Amino acid sequence: MRCVVAGSGITGLTAALLLARQGYNVAVLEAAPRVAPLLRGFWREGLYFDTGFHCGGGLHAGGVLRRWLRALGVEKHLRQITTSRTEVFHFADGQVFQLPAGQAAVTEAVERQFPGAGPAMKAFLHHMDTELGHSPYLNPAVRAEPSFALHSAGSVAEYAASAGFPPHLRAMLGTRCLLYGVRPEESSLEEYSLVAGPYFQSSGSWQGGGLALVEALLACLGELGVTVRCNDAVAGIEADKAQGVRGVVLGDGSRLACERCFFTGHPSQLEGLIPKGLMRPAYLHRINELPETRSAMLLFAETRDCLNENESIYLLPEPSAEELFTGVESAHPSVYLFCDRPQPDGRKAVMAVALMDDKDLPNGDPHPRPQSYVAWKRESAARLQAYIEKRLPELAGRWRILDAASPLTMRRWVHGATGSLYGVKHHFGAMPMLPVTRLPGLFLAGQNILLPGVLGGMVSAALAVGFSFGHDNALKEFRECAESE
C-alpha cells in the first residue's frame with residue numbers, strides 16, 4: 001500500500017517513519033525547497049537560530065518526549081541532551097522569581113519564594129501527572145483507546161485562583177500557556193497538562209536543536225529507504241465517494257497514486273484540494289472558521305558575554321494587570337527571551353518574542369513589501385529592543401539585532417492566512433478535531449490538529465497512523481522502549 005505524507009515537518013517525518021516501519025510504501029512531499037523549513041531553523045551572519053526546537057519538556061529518563069525520541073530511533077543521533085533549564089520571571093513591579101526544572105525543585109522553589117504555597121503546588125503537579133497518564137500515546141502503561149471529548153476540568157486561571165496561589169505565582173504558571181498561544185483563562189487544564197506538564201518534569205534541549213532532530217529523522221528514514229521530495233507541493237487530492245483517496249496531484253500537474261494521504265498542513269487548505277461534494281459543508285465551514293492564535297514580533301540577535309544559556313526569561317506586567325500577555329503595541333509588552341548555548345566561535349543566539357495583532361498589516365504575502373510596512377517593521381523592532389534593554393539594562397550595548405520577523409514573515413513560513421504563531425487556537429470549550437475524516441483514506445495530523453511543539457507533532461503523527469492502521473501498531477516501539485528502561 002502506498003501512503004503519501006503531505007508536509008515534511010516534525011509531524012510528517014514522524015508519520016513517514018512510523019508507516020515505513022510497518023512496511024508501507026511512503027512518499028513524503030514538501031512544497032518548500034528544503035526539508036522541514038520551520039523545524040530546521042535558519043542562519044544569519046554565520047549564527048544559527050533554532051526556531052524549531054529551542055527548548056522542550058519531558059526530556060529526562062522516562063520522560064514522554066525522551067521515550068518518543070527513543071521509540072523513533074532518533075535519540076542515538078542526538079548529542080548532549082540537557083534537562084535543567086530554569087525560567088526567570090521579571091515583573092514590572094521589580095519582583096523577580098524563578099522556576100527550575102524538576103518537580104521536586106519546582107515545589108521547593110515555590111515554597112521558598114511563596115511561603116505556604118508549596119503543598120498546593122505539589123498537588124497541582126500531581127494533577128498534571130494524572131492528566132498526562134490518561135492517554136496511551138503519553139503513558140505506555142495505558143492500553144485503552146484514545147478518547148476525544150470537550151474539556152471539563154475548568155481553565156488554568158480558575159484552578160490557579162481556587163488553589164490560592166499568590167498573584168505573582170498565578171502569572172508565572174500562566175506564562176506556560178504561551179507554549180501554545182492562549183491565555184490562562186482560555187486554556188483548559190487538560191491541554192495545559194499535556195503541553196506544560198512535561199516542562200515541570202524537566203526542561204532542556206540537545207546540541208543542534210531542531211536542525212539536529214531533522215537530520216536524525218532523515219537518517220532513520222534513509223535506513224528504511226524513504227526519501228523526501230522537496231519542491232513538490234500537493235495541489236490536489238484525487239478521491240471519490242466509493243473508493244476514497246486514490247492519489248494526489250502535484251504542483252506540476254503530475255499524479256502520484258496512493259491509498260492513504262496524511263495531510264499535515266492547515267485544515268483550511270483542504271477545501272481547495274478535495275473534489276467538491278466529498279466533504280459536508282458544515283465540516284468545511286468549521287475548518288475554515290477555526291480560530292487562530294495571535295502572531296508575534298520576533299527579534300534575532302547575537303551576544304557573547306551576557307544572558308545565561310540555561311535560562312529562559314519572561315518580562316511581564318504587574319500581576320494585577322488585566323492582560324498577562326500584553327502585545328508589542330502596549331507600553332509594557334510581555335516578552336519571552338531565549339539564549340542558546342555558545343556556538344564554536346563563542347557567539348550565542350538570542351531570540352525575543354512579543355505577541356502582537358496584525359489587523360493593520362497588508363493582506364496575503366505581498367512582494368515587494370510595501371514601504372509603509374518596511375518602515376513599520378523597523379520602528380517596531382527598534383521599539384521592542386529599547387523596551388527590552390530598559391527592563392534588562394545589562395543587555396544594553398552587549399547584544400546586536402541581526403534580523404526581525406513579523407506576522408508577514410510568519411504567513412510565509414507557516415503557510416497560514418493570518419501569520420499566527422501557533423496556528424489553530426486550542427482553547428477551553430472547543431471540540432478537538434479528529435485525525436480521521438469522513439473521506440476514506442484521508443487523515444489529518446500536525447499542531448493544528450492536536451497541540452503545538454515537537455512532542456505535539458510526534459503524538460499527532462502517531463495518532464493519525466494509529467487511526468489508519470491500528471493503535472497497537474503505532475504504539476509498538478513506544479511501549480517497548482518504556483519496558484526496556
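Which residues form one aromatic cluster?

Mentor: F124, Y159, F165, Y192 and F200 form that cluster. Keep in mind that the model is predicted. In the chain, the count of aromatic pairs comes to 17. One of these pairs is F262 with F443: the ring centres are 5.4 Å apart and the planes meet at 20 degrees, which is under 30 degrees, so the pair is stacked. F262 sits in strand 13 (residues 260-263) and F443 in strand 19 (residues 442-444), so this pair ties together parts that are 181 residues apart in sequence. F262 is buried, because its relative accessible area is 1%, under the 20% cut-off. F443 counts as buried as well, at 6% relative accessibility.

Now for the whole chain. The chain holds 13 helices and 19 strands. Of its 485 residues, 56% count as buried. Contacts between residues at least 6 apart in sequence join residues at least 24 apart in 71% of cases. The radius of gyration is 22 Å; a compact globule of 485 residues would have one near 23 Å, so the two agree. Along the principal axes, the C-alpha trace spans about 65 × 55 × 45 Å. The accessible surface of the chain is about 19700 Å², and carbon and sulfur atoms account for 52% of this surface. As for charge, the chain has 45 positive and 49 negative charges, and their mean positions lie 4 Å apart.

Definitions and conventions: Residues are numbered from 1 along each chain as its sequence is written. This is a predicted model: local features need pLDDT of at least 70, side-chain atom pairs count only at pLDDT 80 or more; totals for chains, interfaces and linings use all residues. Side-chain values use heavy atoms; hydrogens and water are left out. Helices (H or I, at least four residues) and strands (E, at least two) are DSSP runs, numbered from the N terminus. The radius of gyration is taken over C-alpha atoms; the globule rule is 2.2 Å times the number of residues to the power 0.38. Buried means under 20% relative accessible area, exposed over 50%, partly exposed in between (1.4 Å probe, protein chains only). Contact means heavy atoms within 4.5 Å. Accessible areas come from the Shrake-Rupley method with a 1.4 Å probe; for residues, only the protein chains shown count as cover. Lys and Arg count as positive and Asp and Glu as negative; His and the chain ends are not counted. The place of a charge is taken as NZ of Lys, CZ of Arg, CG of Asp or CD of Glu. Rings of Phe, Tyr and Trp (its six-membered ring) pair if their centres lie within 6.5 Å; planes under 30 degrees apart count as stacked, over 60 as edge-to-face and the rest as tilted.
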